[in-house]
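Subject: Handover of a structure, with findings

Dear colleague,

Please find below the structure that I am handing over to you. My notes on helix packing and aromatic rings follow it.

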Amino acid sequence: MTYESDLLRLLEERGYIHQVTDPAALDALAAKQIVPGYIGFDATAPSLHVGSLVQIMMLRRLQQAGHKPIVVMGGGTTKIGDPSGKDESRKLLTPEVIDENISSIRTVFEKLLTFGDGPTDAIMVNNDEWLSQLGYIDLLRDVGPHFTINRMLTFDSVKLRLDREQPLTFLEFNYMILQAYDFVELARRYECRLQMGGSDQWGNIVNGMELGRRMESRDLFGLTTPLLTTADGAKMGKTAAGAVWLNEEQLPAYDFWQYWRNTDDRDVGRFLRLFTDLPLDEIARLEALEGAEINAAKVVLANEVTALVRGREAAVAAEATARETFAGGGAGDDLPSVNVGPEGMRLGALLTEIGFTASNGEAKRKIAESAVKIDGEIVLDPGMLVIPPESGSLKISLGKKKHGLVLR
């Protein structure tokens, strides 16, 4: 359909829309008034990773279109754990660790959203504010009758565990009830009308809408993004070396920049639309580049995403390091590094320690493939003791794209 509201038109043009509940009604609402909308994020680590960036960018688009983003940090739901897409139960975190994680995660949102008291300013709330106040008996009496076990057993998050004969605890089974209740509480407190999320959250979002209708006759809406995978089918935000974290403390800016620079040719246009603010006509020009020229578009992608998430200075420094490393054969200051001390470290362990490989076994395979170099020279012994000079460093490389420094 052709959308009238700036919000749905922007989301569609940029490739965010997968499913919408009653798109005509949401379009009409967004065309006539400010729509508060939310996405929830659990605080299981000190940083979110790239897999969450499309959701954060959707909140940014909501604000760009003149509406109000609500960032819901799952201080309460993190105590339980979302079973969606998980094969096993999460480790339970203490309230203190959850609070520390929320404080750390907020720093990324502050770069991408404008917070304040204005009608379209973003706010961040913690669902522990209301979930921790719910008496268990009261929750069962007020909310429980609106859920049937029959329907809950049809949810993908539940079926996945049961089909694989993996345990699903009663604690986790309650997660979907609490997430649905979040939507009702946000509607009460902030007149929130819209919940957004990834396609794997569709069932939870619809649950919240239905609960709002049954408990309070509220007209609520849901919108999901497509499941985000790379052109080769890999899950977004995962590499052989682990998650691509958004926070600097968990992943250096150069590694973050390099992740985007290494984007598959087929993903460049899509990622530019989703993860940058570049005009669509400029994106069309960049994604039409062919052959070696597409690398220029990848540099633009890496610069723009890094500037949004880490700041423009970090993007400039990362590009300069890459240029020096790849073109000039040097070793820029922004390269990832590892300190091995005066006693040094075995090469196989070093590759894993610096994050180039996921295990020592993978490191041995790469070394055997002649893919590892120290200061430009191929090294074939995984047991080689790498000891950098007392006042200098060694440059370690895996293939053509991964470079780092070994320091004392």
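How many aromatic pairs does the structure hold? There are seven aromatic pairs, where rings of Phe, Tyr and Trp (its six-membered ring) pair if their centres lie within 6.5 Å, with planes under 30 degrees apart called stacked, over 60 edge-to-face and the rest tilted.

Please note that this is a predicted model, in which local features need pLDDT of at least 70 and side-chain atom pairs count only at pLDDT 80 or more, while totals for chains, interfaces and linings use all residues. Residues are numbered from 1 along each chain as its sequence is written, and side-chain values use heavy atoms, leaving out hydrogens and water.

Aromatic pairs

Phe 41 and Phe 109 form an edge-to-face pair, because their ring centres are 5.1 Å apart and their planes stand at 70°. Phe 41 belongs to strand S2 (residues 36–41) and Phe 109 to helix H4 (residues 95–112), so this pair ties together parts 68 residues apart in sequence. Helices (H or I, at least four residues) and strands (E, at least two) are DSSP runs numbered from the N terminus. Phe 41 is buried at a relative accessible area of 5%, and Phe 109 is buried at 0% (buried means under 20%, exposed over 50%, partly exposed in between, with a 1.4 Å probe and protein chains only).

The rings of Phe 256 and Trp 260 are also edge-to-face, with centres 6.2 Å apart and planes at 65°. These two residues are four apart in helix H12 (residues 253–261), about one helical turn, and both Phe 256 and Trp 260 are buried. Together with Tyr 259, Phe 271 and Phe 275, they form one aromatic cluster.

Helix packing

H12 packs with helix H15 (residues 294–310) at about 140°, the axes being 8 Å apart; axes are lines fitted to C-alpha atoms, for helices over the stretch in contact, and angles run from 0 to 180 degrees between N-to-C directions. The two helices, H12 and H15, are therefore oblique to each other (under 35 degrees is roughly parallel, over 145 roughly antiparallel, 65 to 115 roughly perpendicular and the rest oblique). Phe 256 and Trp 260 are among the H12 residues that meet H15, where the partners include Val 299 and Leu 301 (contact means heavy atoms within 4.5 Å).

Helix H10 (residues 175–190) and helix H11 (residues 202–216) have axes that come within 8 Å and cross at roughly 55°. That angle makes H10 oblique to H11.

Yours sincerely
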